[in-house]
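The paragraphs below go through one structure, from single residues to the whole chain and back. Please keep the sequence and the coordinates in view while reading.

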Amino acid sequence: MELRDRVAVVTGAGGGIGRALVGALADAGARVVATDLDVPEVDGAAVARALDVTDAEATAALLDEVGPVDVYLANAGVAAGTDPMDTPDELWETVLGVNVRAHITAAKLLLPGWLERGEGYFVATASAAGLLTQIGSAPYAVSKHAAVAFAEWLSVTYGARGVRVSTLCPMGVATPMLDTGADEGGMSAAATGAVRAAGEVLTPEAVAAAVVEGIGREEFLILPHPEVLTFFRRKADDYERWLAGMRRLQESVSR
Ligand SMILES: NC(=O)c1ccc[n+]([C@@H]2O[C@H](COP(=O)([O-])OP(=O)(O)OC[C@H]3O[C@@H](n4cnc5c(N)ncnc54)[C@H](O)[C@@H]3O)[C@@H](O)[C@H]2O)c1
């Protein structure tokens, strides 16, 4: 899709990848609506609004206000939670709510207009954890797999009717999510250790540039770390061997 003069909504735009997405989309000529829990102050935003993505009514009100929306970037995410034995049910609800339920809510609201107009673009920020797994955080691994699954489903079901879908699956990106400790709602030490051990930590700007390119090419999988494709292929090629390798990584970062 050509982004010039398109209306693009970015969630979780107050920092990290979301903030960089706003800048990159604006540079590509889109009219960007930046949203986060608090009104984000972001360069390049034509409109900035507070939006809790787990609030379906607020999401509907925002889309009514700024629509028709051409591109929706479901980017807000949380990386809380560790082992199922140590993760309270409410935290599972929060992680699943932000990382996948919010995508379903937005798609439900956007699809009727997109199908009527015969076009629309949904970009789900998932993670390499959605194709592989996330050592140290069951809720993150599960919710990101679900986000990839939902994006796939949208693409399969509505691709022929003009709905484009991409899913962004990076490994480490230098954002508050990776830099904030578990005590402040960020990733556990085991999870960040695994992310850092897995490969290069990219800048949010590099990731945002890959997203704009991916939208231009209308590619489903946007992989700013190209090695994720190799890992994904190895997983499919020999699941047992992949699991054994991941167990070794798990042990090395838990020590
Ligand atoms: N940083 C990484 O290493 C990495 C890797 C792969 C994927 N991701 C994904 O990228 C996305 C952006 O994360 P980031 O790395 O920029 O971290 P971040 O913590 O800087 O950004 C996440 C944003 O989501 C917002 N948010 C959280 N709950 C929300 C809610 N209920 N409603 C609206 N906004 C909410 C936060 O306020 C924050 O601004 C997330 O989906 C994350 O899972 C990050």
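A residue is called buried if 20 or more other C-beta atoms lie within 10 Å of its own, exposed if 12 or fewer, and partly exposed in between. The model is predicted. D5 has 9 other C-beta atoms within 10 Å and is therefore exposed. D5 lies in the segment before β1, which spans residues 7-10. Its phi is near 65 degrees, a positive value in a residue other than glycine.

E218 can be read in the same way. Its phi is near 55 degrees, again positive in a residue that is not glycine. The residue sits in the loop between α7 (204-217) and β7 (221-222). E218 has 12 other C-beta atoms within 10 Å, so it is exposed.

One more backbone detail concerns a peptide bond. The bond from G67 to P68 is cis, and its omega is near -5 degrees. P68 belongs to the loop that connects α2 (56-66) and β4 (71-74).

Next comes the chain as a whole. It has 9 helices and 7 strands. The radius of gyration is 17 Å, close to the 18 Å that the globule rule gives for 255 residues, so the chain is as compact as a globular protein of that length. Along the principal axes, the C-alpha atoms fill a box of roughly 50 × 35 × 30 Å. Of the 255 residues, 45% are buried. Among contacts between residues at least 6 apart in sequence, 68% join residues at least 24 apart.

What does the interior consist of? In soluble globular proteins, nonpolar side chains tend to be buried together. Here the largest nonpolar core has 73 residues, and the members that touch the most others are L21, V22, V32, F122, V123 and V211. Helix α3 (residues 89-117) supplies the largest share of this core, 8 residues. V123 shows what such a position looks like: leaving out residues up to four places away in sequence, V123 touches V71, L73, A74, S166, L168, V211 and I215.

Which residues of α6 (189-198) are buried? They are A191, T192, A194 and V195. Seen down the axis of α6, these buried residues fall within an arc of 160 degrees, so they line one face of the helix. The buried residues of α6 are covered by elements including α5 (176-179) and α9 (239-254).

The ligand is surrounded by 29 residues, of which G12, G16, G77, T175 and M177 are the closest. The elements that give two or more residues to this shell are α1 (16-27) and α5. By class, the shell has 14 nonpolar, 13 polar and 2 charged residues.

Helix α1 also contains G18. This glycine has 25 C-beta neighbours inside 10 Å and therefore counts as buried. Apart from residues up to four places away in sequence, G18 touches V10, T11, G12, A13, D36 and N75. G12 is also one of the residues closest to the ligand. The C-alpha atoms of G18 and V207 are separated by 9.9 Å, although the two residues are 189 apart along the chain.

A46 is in strand β3, residues 45-50. Setting aside neighbours within four places in sequence, A46 is in contact with R31, V32 and V33. V32 is also among the core members that touch the most others. A46 and A34 are 12 residues apart in sequence, and their C-alpha atoms are 7.8 Å apart.

F232 lies in helix α8, residues 227-237. It has 17 other C-beta atoms within 10 Å, which means that F232 is partly exposed. Not counting residues up to four places away in sequence, F232 touches L131 and L132. Between F232 and L131 there are 6.5 Å from C-alpha to C-alpha, with the two residues 101 apart in sequence.

Conventions
Residues are numbered from 1 along each chain as its sequence is written. This is a predicted model: local features need pLDDT of at least 70, side-chain atom pairs count only at pLDDT 80 or more; totals for chains, interfaces and linings use all residues. Helices (H or I, at least four residues) and strands (E, at least two) are DSSP runs, numbered from the N terminus. The arc is that of the directions from the helix axis to the C-beta atoms. Two residues are in contact if their C-beta atoms, placed from the backbone, lie within 7 Å. A residue is near a molecule or strand if its C-beta atom, placed from the backbone, lies within 6 Å of it. Ala, Val, Leu, Ile, Met, Phe, Trp, Tyr, Cys and Pro count as nonpolar, Asp, Glu, Lys and Arg as charged, and the others, Gly among them, as polar. The radius of gyration is taken over C-alpha atoms; the globule rule is 2.2 Å times the number of residues to the power 0.38. A nonpolar core is a set of buried Ala, Val, Leu, Ile, Met, Phe, Trp, Tyr and Cys residues joined through C-beta atoms within 7 Å.
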